[in-house]
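Please keep the sequence and the structure in view while reading.

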Amino acid sequence: MKRANIYKRKNVIYLHSSSMTTAGIWMATQPFVAIDVSEDDVVKVNHIKNALEQSREYIPHPARSSNLFEPILKLAGVTSYSEFTESARSCSIELEGRRLRFIPYRNLGPRIGHEEITGRIKSVSINASAERITATLESAFDACE
C-alpha cells in the first residue's frame, strides 16, 4: 500500500508522503509540498500521485526522536505543530490497487492528534479525471471534524 497525508489550512494544501518504518510505524517522508487551493486540479493530482509514488515500506526506523513534521511547519510559516493543527483539516490518502481512498480525520487537538473517521472514507479510481479526484478530496475535507 502507498500512503500520503494531506492538510488544508487557510487557502493552502500541505502534502507529504508517508512511509512505514521497520518498526511498523508510518512517518512523514519527502516530498513535502504546499499547494495553493486555487491551483489547477491537474497540478494538485500530480502532487498527490508523486507523494504516493514516493511512499515506501520498511524504511529504517529513526534512531532518535526528531521533528519529522518540521518541513511542513516551515512551509506553513509556523513554529509549532500546535499552531499548525489548530486550524487544519487532515486526511490520509491510500492507494491500494487502482483505488484512491481519502480518509478524513477528527482533530482532537495538538496533544492527542488526529483520529480517523472511518465511516466517512471517500474513494475514487486513480484513473479518474483530475477534477473528479480533487472533488473527492474536497468531499473528504468537508467530512473532517
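Phe84 has a relative accessibility of 1% and therefore counts as buried; buried means under 20% relative accessible area, exposed means over 50%, and partly exposed lies in between, with a 1.4 Å probe and protein chains only. The model is predicted, so local features need pLDDT of at least 70 and side-chain atom pairs count only at pLDDT 80 or more, while totals for chains, interfaces and linings use all residues. Residues are numbered from 1 along each chain as its sequence is written, and side-chain values use heavy atoms, with hydrogens and water left out.

**Aromatic rings**

The structure holds five aromatic pairs. Rings of Phe, Tyr and Trp (its six-membered ring) pair if their centres lie within 6.5 Å; planes under 30 degrees apart count as stacked, over 60 as edge-to-face and the rest as tilted.

| Pair | Centre to centre | Angle between planes | Class |
|---|---|---|---|
| Tyr14 and Phe84 | 5.4 Å | 75 degrees | edge-to-face |
| Phe69 and Phe84 | 5.4 Å | 70 degrees | edge-to-face |

Tyr14 lies in strand β2 and Phe84 in helix α3 (residues 81-85), so their pair ties together parts that are 70 residues apart in sequence. Helices (H or I, at least four residues) and strands (E, at least two) are DSSP runs, numbered from the N terminus. Both Tyr14 and Phe84 are buried. The pair of Phe69 and Phe84 also links distant parts of the chain, since Phe69 is in the loop between β4 (57-59) and α2 (70-76), 15 residues from Phe84. Phe69 has a relative accessible area of 11%, so Phe69 is buried. Tyr7, Tyr14, Phe69, Tyr81 and Phe84 form one aromatic cluster.

The charged end of Arg3 sits over the ring of Trp26, 5.3 Å from the ring centre. A charge sits over a ring if NZ of Lys or CZ of Arg is within 6 Å of the ring centre and within 35 degrees of the ring normal.

Ser19 is placed in strand β2 (residues 12-21). Its relative accessible area is 2%, so Ser19 is buried. The side chains of Ser19 and Thr29 are joined by a polar contact of 3.0 Å. A polar contact is a pair of N or O atoms within 3.5 Å; within protein, one must be able to donate a hydrogen and the other to accept it, and residues adjacent in sequence count only if both atoms are side-chain atoms. Apart from neighbours within four places in sequence, Ser19 is in contact (heavy atoms within 4.5 Å) with residues including Trp26, Thr29, Gln54 and Ile59.

Gln54 belongs to helix α1 (residues 41-54). With 30% relative accessibility, Gln54 counts as partly exposed. Its contacts, again leaving aside neighbours within four places in sequence, are Ser17, Ser19, Gln30 and Pro31.

**Strand β5 and its partners**

Six of the eight residues of β5 are buried, so this strand is largely enclosed by the rest of the structure. Two strands pair if DSSP finds at least two bridges between them. Strand β1 (residues 2-9) pairs with β5 in the antiparallel sense over seven bridges, and Asn5 has Ser92 as its bridge partner in β5. β5 and β6 also pair in the antiparallel sense, over six bridges. Here Leu95 stands opposite Leu100 in β6. The hairpin of β5 and β6 has two residues between the strands, and Gly97 takes a positive phi near 65 degrees there.

Which strand holds Ser90? Ser90 is found in strand β5 (residues 89-96). At 4% relative accessibility, Ser90 counts as buried. Not counting residues up to four places away in sequence, Ser90 touches several residues, among them Tyr7, Tyr105, His114 and Cys144.

Arg98 lies in the loop between β5 and β6 (99-107). Its contacts, not counting residues up to four places away in sequence, are Val124, Ser125, Ile126 and Asn127. Arg98 and Arg111 are 13 residues apart in sequence and 35 Å apart in space, C-alpha to C-alpha.

**Cysteines**

How many disulfides does the structure hold? The structure holds zero disulfides, a disulfide being a pair of cysteine sulfur atoms within 2.5 Å. Cys91 is in no disulfide, and the nearest cysteine sulfur, that of Cys144, is 3.7 Å away. Cys91 has a relative accessible area of 0% and is therefore buried. Cys144 is likewise in no disulfide, and at 9% relative accessibility Cys144 counts as buried.
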